[in-house]
Amino acid sequence: LRGTARDTREQATQQGLRLDQAAAVWHVLTSSRTVEVITGPAGTGKTRVLAASASAWNGPVFGTATSQNATNELRAAGVEVAANTTQLLADLDRIPPGSLILADEGSMISMPHLAALVDHASRNGCKLVLAGDQEQLAAVEGGGAMTLLADRLGYVQLAEPVRFTATWERAASLRLRQGDATALDEYDQHGRITGAPPDHAMD
């Protein structure tokens, strides 16, 4: 870590992070645990927090996500070395001791893959930061590992969705995440349900 905990907070806020995002960066990088978990609904800036963590880390940084699209998003956000999880696991030996491993879309990482990442981090003095939303898609293979880690270790929560430009969509996305199907009415009223007649699409 570059400098003190105070330096870390200042670096985070200078990058234009919200207070909860800056607090998340400070927490995950200054804790003594091998694994830290960041959770939050879509649009709360989890990938941005990972990128800010990468810039504050004084050592090698490796980013990963299950999907190639999410891996590309990590690179675009500023995590220079990133590979999808299958590729990263095939070449774990290239991650040296003291590295920061950033895993985005953590809820989609399978149990065996996450276990391998945790094991490597533990044996080599690395820090693993897992970011995701356990209310979103789970792993195609055996999943639930992120939820288990969050329950056991605790987690940092990002709560405010800011990616959406429309205020109604921020609230509707949170209702939809909680399983409230009436939120679909708002999407329909704003012309967001396309590709089929609205009644069929909502069914």
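How are α2 and α3 oriented to each other? The two helices are oblique to each other, a class that holds the angles left over once those under 35 degrees (roughly parallel), over 145 (roughly antiparallel) and 65 to 115 (roughly perpendicular) are set aside. The model is predicted, so that local features need pLDDT of at least 70 and side-chain atom pairs count only at pLDDT 80 or more, while totals for chains, interfaces and linings use all residues. Residues are numbered from 1 along each chain as its sequence is written, and side-chain values use heavy atoms, with hydrogens and water left out.

**Helix pairs**

Helices here are DSSP runs (H or I, at least four residues), numbered from the N terminus. Axes are lines fitted to C-alpha atoms over the stretch in contact, and angles run from 0 to 180 degrees between N-to-C directions.

| Pair | Axis distance | Crossing angle |
|---|---|---|
| α2 (residues 19-30) and α3 (residues 46-56) | within 9 Å | roughly 50° |
| α3 and α4 (residues 68-77) | 9 Å | about 50° |
| α6 and α7 | within 9 Å | roughly 50° |

The crossing of α2 and α3 is right-handed, meaning that the near helix is turned clockwise from the far one by less than a right angle. In contact (heavy atoms within 4.5 Å), Q21, A24, V25, V28 and L29 of α2 meet V49, A52, S53 and A56 of α3. These residues comprise 7 nonpolar, 2 polar and no charged; Ala, Val, Leu, Ile, Met, Phe, Trp, Tyr, Cys and Pro count as nonpolar, Asp, Glu, Lys and Arg as charged, and the others, Gly among them, as polar.

Helix α3 is also oblique to α4, and the crossing of α3 and α4 is right-handed. T47, L50 and A51 of α3 make this contact with E73, L74 and A77 of α4, giving 4 nonpolar, 1 polar and 1 charged residues.

For α6 and α7, the crossing angle of roughly 50° makes α6 oblique to α7. M111, L114 and V118 of α6 meet A145, M146, L148 and L149 of α7, a set with 7 nonpolar, no polar and no charged residues.

On a 1 Å grid over the protein atoms alone, a pocket is an open set of points where a 1.4 Å probe fits, with protein on both sides within 12 Å along at least five of seven lines; lining residues have an atom within 4 Å of a point. The lining consists of T34, V35, M111, L114, A115, V118, S122, A145, L148, L149, R152 and L153. The elements giving two or more residues to this lining are α6 (111-124) and α7 (145-153). By class, the lining has 9 nonpolar, 2 polar and 1 charged residues.
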